[in-house]
Amino acid sequence: AWTKHKNQQSRLQGESFIQTDLRNGGNPAQTTLQLHGRKPLRQSLLEKEDDSALIVSMNTAPKKKSEKSLTAADIPIKDYMDCEYMASITLGTPPQSFTLILDTGSSNLWIPSDSCEVCKCSSVQEQAGECLPHNLYHSNKSSTFEAVMDLQGERMTYAIQYGSGECSGLVSRDVLTFGGVKVHAQKFGEATKEPGDVFKKANFDGILGLAWNSIAVDHLKTPVDHLIHKHGAFPSPEQQKFAFYLKSRGDPDKHGDLFLGGTHCVNAGCVYRYNGPIKYYPLSERTYWQFDLDDNSVGSASMKNWKEDLRGHIDGMQMAEEEKEALRKRLEEAPTTFKNHNKTQAIADSGTSLIAGPSLQIMELNMKICGDASCEQVECDLKKTGPPVNFIIHGDKYTLGAEDYIMQYRYQGQKVCFSSFTPLDMGEPLWILGDTFMRKYFTVFDVGNAQVGFAEACHQNCEPVLTTSP
């Protein structure tokens with residue numbers, strides 16, 4: 001797993017990334033994107049042998065239609081397992097295609113430039129397993145390309161710091177199209193340097209951030225912000241939202257959906273992706289999609305007393321006495337509330353494969369699940385017998401069963417299972433509810449009302465309640 005590191009827009013371990021294709025031009029009532037699912041890098045080792053045979057590829061090439069008539073079914077999709085979800089965008093005139101991660105945990109759009117030597121992959125390198133070929137942006141092939149200059153009249157540059165290194169390059173401007181919606185004069189990063197081997201071996205080309213402008217490097221406006229405030233595509237606050245439906249491996253659906261401009265598409269033949277009402281919660285900050293988290297629990301056991309519970313488990317842990325003492329010291333010093341907030345905080349993040357939380361709390365949560373502080377490898381029977389894990393948000397309980405949070409893959413012909421709960425310390429108690437959570441709960445990102453909403457995801461025969469809670 002790799003880490004999007006905190007540098008104005010910070011991030012995590014165990015990242016999953018998503019990307020997309022938005023839709024319907026003109027004055028769209030709403031648009032729909034379909035997401036391609038791919039494993040996180042963390043799980044790539046587990047699927048190299050046996051699970052590679054489970055990859056499903058669909059080549060449903062879209063028919064040419066006017067932008068207004070595009071439907072969700074018009075986008076070709078690939079499903080590469082559960083943990084990364086992607087879709088396609090184009091940049092330039094004529095359009096150049098890219099596969100991007102749609103990431104609600106960051107706010108910048110970047111793609112690799114044709115001038116990025118480390119981004120290129122020869123057939124010899126590909127055959128040797130050193131890299132994967134990627135689509136590169138050729139500014140000289142786009143009639144709508146514009147170079148962005150800084151206040152000194154020099155070519156504007158950007159740099160985003162990741163845990164594995166720096167992604168940097170030039171800032172450019174061009175026409176961005178997702179799923180039929182054109183965003184004119186969109187600024188984006190044209191990467192001339194990518195960090196380490198992570199991106200060289202990734203099946204995506206770049207990242208499209210969907211968090212708030214406040215955490216965007218160099219304060220570049222996000223495509224969603226452009227659509228709402230510059231292009232006026234969604235004038236009503238009730239339209240200024242987007243929503244994710246993430247499929248699971250084995251579901252009857254062959255793709256996930258990203259709805260732009262509402263919570264369901266309005267085109268003929270579209271289906272709803274949630275049951276019951278959507279419940280909304282106000283954002284505590286307009287940076288990430290961040291909100292108050294009251295509590296979490298394992299079965300009926302609240303995690304509010306996690307410090308006392310973990311203290312009781314330390315003596316029985318298999319580690320040196322000095323390590324136990326250091327752990328006790330960390331436990332005493334660990335914060336229990338987020339700075340400037342009276343409660344623990346959480347973010348809904350489509351760009352994280354698993355569920356990340358403060359390392360000591362994750363340690364105790366995993367102890368309650370499997371009797372081990374990490375649950376890095378557990379008996380796969382736990383997928384049927386493990387306790388439910390609950391997240392309490394503004395008094396409402398959101399439950400993940402063991403079948404939701406125990407991940408299962410095959411390695412060298414054997415089943416390998418592990419917990420989706422992974423440690424991540426960001427200085428304050430912050431939980432990242434990633435794809436493991438978002439597969440279970442249809443998630444709405446409401447820009448116009450600065451809130452996030454959840455409803456039970458539905459794969460077929462859905463019965464939504466369209467009058468959602470305020």
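**Cysteines in a predicted model**

Trainee: In this predicted model, how far is the sulfur of C167 from the closest cysteine sulfur, and in which residue is that sulfur?

Mentor: The closest cysteine sulfur to that of C167 belongs to C119, and the gap is too far for a bond. A disulfide needs the two sulfur atoms within 2.5 Å. C167 itself is buried, at 0% relative accessible area. The sulfur of C167 lies 7.7 Å away from the one in C119.

Trainee: Which residue forms a disulfide with C116, and how far apart are the sulfur atoms?

Mentor: C116 is buried, with a relative accessible area of 0%, and C119 is buried as well, at 4%. The torsion about the S-S bond of this pair is about 70 degrees, so the link is right-handed. The partner of C116 is C119, with the sulfur atoms 2.1 Å apart.

Trainee: How many residues apart are C380 and C417?

Mentor: A disulfide joins C380 to C417, S to S 2.0 Å, and is right-handed with 105 degrees about the S-S bond. The pair links distant parts of the chain: C380 sits in the loop between α6 (359-370) and α7 (382-385), and C417 in strand β24 (residues 414-419). Their separation is 37 residues.

Trainee: Is the disulfide of C458 and C462 left-handed or right-handed?

Mentor: The two sulfur atoms are 2.2 Å apart. C458 counts as buried at 4% relative accessibility, whereas C462 is partly exposed at 21%. Because the torsion about the S-S bond is about -105 degrees, the disulfide of C458 and C462 is left-handed.

Terms used
Residues numbered from 1 in each chain as written. Predicted model: local features only at pLDDT ≥ 70, side-chain atom pairs only at ≥ 80, totals over all residues. Heavy atoms only, no water. Buried < 20%, exposed > 50% of the residue type's maximum accessible area, 1.4 Å probe, protein only. Helix = DSSP H or I, 4+ residues; strand = E, 2+ residues; numbered from the N terminus.
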